[in-house]
Amino acid sequence: MDPIVEQGFDRLLDVIKETKAKQQETADLIVKEDKVLLEKMIAAVVPVVQAAGSLFLQKAKQDTKGDLYDQKYYPDKMIILGKSESPASFRPDDPKKQVTQQFCVASEKGELFELMFSTDGFVVDTYASPLSAEDALAFYGYDILYMLFSAIRDYALAEEDLLDALDLTLGFLQHKTA
């Protein structure tokens, strides 16, 4: 084989090894600083939650058909970041209440909560348990980081689309009045 081709091939293998080592080094740093990353992402997503979040049910009654009435909602908007596959067996605020569904949510105030739903067949109510970044990562894993990234990205893209539409509309109006 040509020595120049061999040198190029050897260099290519070295670059691949260096890149893999750098990727591993970066991944290790991210894992080491995952709590800090989550806290920064929560702070960054606040405007998204304020604009596109939802109000979640705090308490309601359920009729015989399963329809809810007399609903009361949490005052702050939230977005869901993850769902527990195996909810806690009881709620911290009332051990007699069994948890039927459990979600990790981010509030518009930049706080993390575990939202625990319970029902006794007549009353559906929830408990919002404050959650630290460390516990959120331990219980829900890195999926919540991806959900935060997706929320920020999708919101930014929607804002970009809105600006493009506004630019087009203003251009049309300017041309129409000229």
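1. A quick definition before the details: two strands count as paired if DSSP finds at least two bridges between them. Please keep in mind that this is a predicted model. With that in hand, β3 and strand β4 (residues 101–107) are an antiparallel pair, held over five bridges. One of the facing positions puts Lys83 with Phe103 in β4 as its bridge partner.

2. Stepping back to the whole sheet, its order reads β2-β1-β6-β5-β4-β3, giving six strands in an open, antiparallel arrangement. At the edges sit β2 (68–73) and β3 (78–83), each of which pairs on one side only. On average, neighbouring strands are turned by 25° against each other, with direction ignored.

3. Helix α2 (residues 34–52) packs on this sheet and touches β3, β4 and β5. The helix direction makes about 135° with that of β3.

4. Next, have a look at β6. Strand β1 (residues 57–62) pairs with β6 in the antiparallel sense over three bridges, and Lys59 has Asp125 in β6 as its bridge partner. Strand β5 (residues 112–119) also runs antiparallel to β6, joined by seven bridges. Here Thr119 stands opposite Val124 in β6.

5. The β5 and β6 hairpin has three residues between the strands, and Gly121 takes a positive phi near 100° there.

6. Why can β6 be called largely enclosed by the rest of the structure? Six of the eight residues of this strand (residues 123–130) are buried, where buried means under 20% relative accessible area.

Key
Residues numbered from 1 in each chain as written. Predicted model: local features only at pLDDT ≥ 70, side-chain atom pairs only at ≥ 80, totals over all residues. Heavy atoms only, no water. Buried < 20%, exposed > 50% of the residue type's maximum accessible area, 1.4 Å probe, protein only. Helix = DSSP H or I, 4+ residues; strand = E, 2+ residues; numbered from the N terminus. Axes fitted to C-alpha atoms, helices over the stretch in contact; angles between N-to-C directions. Contact = heavy atoms within 4.5 Å.
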